[in-house]
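Please look over the model below before reading on.

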Amino acid sequence: MINDVYGTHGCAPDLIEIKDDSARILMNRDAQKFFTLRFAGGTVERKLVPRLWRPAKSLPPAGSGKPLSGLKIALDPGHLGGKWAKMEERWFQVGDSQPVQEGDLTLRVARLLATRLRDLGAKVSFVRNDDEPTTAKRPDDFRELARKILIRNGVPRPRAEVLDSTDPEKEKTIRWQSEILFYRYNEIRRRAALVNFKLHPDLVLCLHFNAEGWGDPANPTLTDTNHLHLLVNGSYLAEELEFDDERFEMIRRLLSRTYDEELPLADTISSAMVRETALPPYAYPTTNSTTKVGNSGYVYARNLLATRLYRCPVVYCEPYVMNSKDVFARIQASDYEGTRNINGVQRKSIFREYADSVADGLVDYYSKARGSGD
Ligand SMILES: [Zn+2]
C-alpha cells in the first residue's frame, strides 16, 4: 500500500522502515520517538484498528428496493458559495448572465442527491447545507498567523491589503493569506471534526465541479474541453510525509483499510457517471501530485485535506468543466424536470444528471457487495 497508493512519490527510509515482522514508524521528529507496529502472524491474531464506519460487506442484507438501507452517508458539497464565492476564487460571470459559483452548484446537487439516497434507504447527513461556513472563525481571526507565515516564507514586511484583482503580489498580502487559512484550511478542519466526532458516516461523498483556467473572472475564457475524474486519498508527496501529522493520518488511513472500500466504490461510481454523462477521463498534466489507481481509468489517488482527514471512506467527485461551453449553458438553464434542448442536444438538468449518476453508482456497488438479491 505504501509503494502503490500512499507513498508513490517516495518516502524517506528513516520515516517508515518496513522489516519482515514489523514496521518502525517515526512518530515525532523533534523527540526522535518511534512506534513499532508488529505484524500479525495470521488473520486470527490480527487486531483491527478501531473504526466507526462499516464496510459494505458487514452491513445486514438490504431490503427489497432499498439497496442503501441503514447506510450512513455524509454529503460534503465543496466550497461555500454565496457571498464567499469570489473570495474562494470559485466565481466567474459571462456578461450579464447568472454568475457561476461552484459552492452553490455543489449544494444544489447535494440536495437532489439526498432525496434520491433517502428513497433508496440511506441515512443522509450534510457536512454543509447552506452557503455559510461550518467554522465560526473568519479571515480576520487569522491575520496574525498569516503575518507570521508570510514572514517565515521570506516576506519580511507583508502588506495588509490586496491592491486589486490583478495585483501580482496578492499572495504576499496578509489579506489573501488569512482568507486561505479561513476557507481552505480551517473550514475543512471544522468539517472533519463534524464528520469524525458527530456524524460518524460509513461514507463521505465530496461533491465538486471541475474547471479549466478561466483567466479574468469577469471576462472568462470558455472552452470545448470537458471531463470527469474521481479522487481517493493517497499519493502523498515525500515532503508531506516529513510532517508528523500527515504521516500519522496516512498510517491511520492505511491501517483502517479505507482504501479497500473507497477504491471499488470510486471505480463503480465513475462507471455509472460515465454511462450517464459520456465524459472522457481527465488526464492530469503531470504525475507530480496524483497517481492513477483502480481499473476504470477515471480514479486518481491524491492527498487532499478532506480525503485525508475524514476518518472513513471518502469518494471525491470532480465531473464537468464549469467553463466548458456545454456545461456553462447547462448551468445557465438551471434545474428542471425531463429534458431540454441545450446547444442542439436534449439534456437532463446537469444537477439531476450529476445526482442520479452518483446514486446509480452507489446502488450498483452496495447491491453487489451486500447481496440484496434484487
Ligand atoms: Zn471544487
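**Notes on salt bridges and a helix contact**

1. Aspartate 224 is exposed, with a relative accessible area of 64%. Here buried means under 20% relative accessible area, exposed over 50% and partly exposed in between, with a 1.4 Å probe and protein chains only. The model is predicted: local features need pLDDT of at least 70, side-chain atom pairs count only at pLDDT 80 or more, and totals for chains, interfaces and linings use all residues. Residues are numbered from 1 along each chain as its sequence is written, and side-chain values use heavy atoms, with hydrogens and water left out.

2. Which residue does aspartate 224 form a salt bridge with? The partner is lysine 325, and the closest N and O atoms are 3.4 Å apart. A salt bridge is a side-chain nitrogen of Lys or Arg within 4 Å of a carboxyl oxygen of Asp or Glu. This pair links distant parts of the chain, 101 residues apart. Aspartate 224 sits in the loop between strand S8 (203–207) and strand S9 (228–232), and lysine 325 in helix H9 (residues 325–332). Helices (H or I, at least four residues) and strands (E, at least two) are DSSP runs, numbered from the N terminus. Lysine 325 is partly exposed, at 41% relative accessibility.

3. Salt bridges that share partners join Arg116, Glu276, Lys348, Asp356 and Asp360 into one network. The structure holds 28 salt bridges.

4. Aspartate 360 forms a salt bridge with arginine 116; their closest N and O atoms are 3.4 Å apart. Aspartate 360 lies in helix H10 (residues 350–370) and arginine 116 in helix H2 (residues 102–119), so the pair ties together parts 244 residues apart in sequence. Aspartate 360 is partly exposed at 24% relative accessibility. Arginine 116 is partly exposed too, at 27%.

5. Arginine 143 pairs with aspartate 140 in a salt bridge, with the closest N and O atoms 3.8 Å apart. Arginine 143 is partly exposed at 23% relative accessibility. Aspartate 140 is exposed at 52%.

6. Helix H3 (residues 143–152) packs with helix H4 (residues 174–199) at an angle of about 110°, their axes 8 Å apart. Axes are lines fitted to C-alpha atoms, for helices over the stretch in contact, and angles run from 0 to 180 degrees between N-to-C directions. H3 is therefore roughly perpendicular to H4 (65 to 115 degrees). The contact (heavy atoms within 4.5 Å) includes Arg143 and Leu145 of H3 and Ile174 and Arg175 of H4.

How values were computed: Parallel < 35°, antiparallel > 145°, perpendicular 65-115°, else oblique.
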